[in-house]
Amino acid sequence: MTGNPAATFIQARAIEQANARLQADLEQDYQRLGELLTRNGIEIDSVTNAVAAFEVAIPSWGVGTGGTRFARFPQPGEPRSVFEKLEDCSVIQRLTGATPRVSLHFPWDQTGDIAGLKACADELKLGFDAVNSNTFQDRPGQTQSYKFGSLTHTDPAVREQAIAHNIECIKIGAQLGSKALTLWIGDGANFPGQQNLARAYERYLESAAKIYAALPSDWRLLIEHKMYEPAFYATVIQDWGSSLMAAQTLGPKAFCLVDLGHHAPNVNIEMIVSRLVHARRLGGFHFNDSKYGDDDLDAGSIDPYRLFLIFNELVDAQWRKTPDLALAHMLDQSHNVTDPVESLMSSAIELQRAYAQSLLVDRRTLDEYQQDNDALMASHTLKRAFTTDVQPILAMARMRRGAAIDPIGTYRSSGYRAACAARRPANLSFGGGIV
Ligand code: RM4
Ligand code: MN
Ligand code: MN
C-alpha cells in the first residue's frame, strides 16, 4: 500500500533478513527442546503447530497510549484515526503472526467511511473481531446523558438511546465481517440506596433482550462483567453470576466474557473459567494483568502462573472434548509507559507461552495423581509444564508463519515509530487519562 508505513517499514524481506541472523541458534535450541519433550512422550511439532494456530484480537484502543485519571503522557507517532490504528495493528500481525483481527470500539473508532475501512483492512490483511459498544461516556451532541446509567437507566428514553447505539454497532460490525458484540456497561451506583438493585438488573435484561433480538443469526453476544469502576458501590453486571444468569435468560447466542482485571483481588479466575465451561457459556476473554484492580497491565507481566492456570483449564476442556468451545480471545490493555506496539506484541506472545506450557501438561499422569489424592505430585505435574522454557517453540511457530523470531528487536530496528512520528503530528489535547 503506497504511503502505508507498515508496508514500507515492516516488509517480509526485512523480517527474513532479521530471522536469517537468528535461525541457526533457534534450530539448535528447538532440537534440544524437542529431544527433552520426546523423552516425556510429547512431539514438539504438534505443540508448535497448535501455538502457530493460536490467535488473539488486538483492541483498536490499545495501540494509542493510555493513561490514568491523573495524566496521560502521549508518545510520538500515535495513531489519530481508526485507519492509522489499523496500520499499527498490521505491524503487530506482521511481526508476531498471532493477531490477524482487530476489535473495534464505537464511537471511538467512528468513521463516515465504513466501506473504506473494510478496504483498508483487506489491503492490510486484517479482519475484524467482536465490536465493542460504548454507553459509559456521553458523546458531543447526544440527546440523553449516561451520567446515571445507560441500558439500566430509570428513564426509558436513555435506555432506548443505549439500545439503539448497540444495534448500530451490530450493523457496522456486520458490514465489516465481525461476528460478535461485546457488551460492557458502566451502570451502577455510588451510594447504597441510590439504585434499586433488583429493578436495575431487570431493566438490564429487558434492554439486553432488545439488543439480542437484533443479532444476525451467526452472531454472538458477549456479556462482560466488572466488579467496580466507574460505579464504586454497586455495578449492575458486577460478577460472573450476573453475566451467566443474563446469558441464560437471553438465549443460546449469549455468552460470558471474562476480562482478567474485572474481579476482586485474589479471586480464583481459573475456577470461574471452569464453571463457565461447564455451563457452556464461556464466550471469550479480555486478556491483561493486574495487581490491585482493573489495572490493564500487559498480559503475563504480573502473574504468569495465573495466566497459565487459565489456559490449563481451556486445554483441559479441549482434552475432555467439551463441545462447542469457540472462544473469542482479545487483549484489553492500557499502555501508559511503553510503546503500545511493543506491549501488544509481547502480550500476544505471553498468551502463546501460557498456551504452549498448558499443552505440555501430562494430563493422564495428572489425572492419576488427582484420583490418588496425591496433592504434591499433582501440583508438581502442573509446575513441571509451567517451568519448561518454551521460547524455542514460540519463535519457531512465528518463523514458520513468516513472522519474526525476535519481534521487538526487529520492530526497534525498523524505524517504524520514528516514521510515524514524522507523519502523524501530535494531537495536543489537554484531555483525560484513561483511554
Ligand atoms: C472497561 C472494560 C471494557 C473496555 C473499556 C474501555 O473496563 O474492560 O472491555 O471496553 O474498559
Ligand atoms: Mn474489557
Ligand atoms: Mn476493564
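A: Let us begin with exposure: buried means under 20% relative accessible area, exposed over 50%, and partly exposed in between, with a 1.4 Å probe and protein chains only. By that scale R400 is partly exposed, with a relative accessible area of 44%, and D45 is partly exposed as well, at 27%. This is a predicted model, in which local features need pLDDT of at least 70 and side-chain atom pairs count only at pLDDT 80 or more, whereas totals for chains, interfaces and linings use all residues. Residues are numbered from 1 along each chain as its sequence is written, chains are lettered from A and ligands numbered from 1 in the order in which they are written, and side-chain values use heavy atoms, with hydrogens and water left out.

Q: How many salt bridges does the structure hold, and what do D45 and R400 form?
A: A salt bridge is a side-chain nitrogen of Lys or Arg within 4 Å of a carboxyl oxygen of Asp or Glu. The structure holds 22 of them, and one joins the side chains of D45 and R400, with N to O at 2.9 Å. This pair links distant parts of the chain, since D45 belongs to helix α3 (residues 44–53) and R400 to helix α14 (residues 391–400), 355 residues apart; helices (H or I, at least four residues) and strands (E, at least two) are DSSP runs, numbered from the N terminus.

Q: Which residue forms a salt bridge with E84, and are the two buried or exposed?
A: The partner of E84 is R424, their closest N and O atoms being 3.6 Å apart. Here too distant parts of the chain are linked, with R424 in the segment after α16 (416–423) and E84 in helix α4 (residues 82–96), 340 residues apart. Both R424 and E84 are buried.

Q: Where is H335 placed, and what is it in contact with?
A: H335 sits in the loop between β12 (328–331) and α11 (340–359), and at 2% relative accessibility H335 counts as buried. Contact means heavy atoms within 4.5 Å; leaving aside neighbours within four places in sequence, H335 is in contact with G62, T65, G66, D298, P340, S343 and L344.
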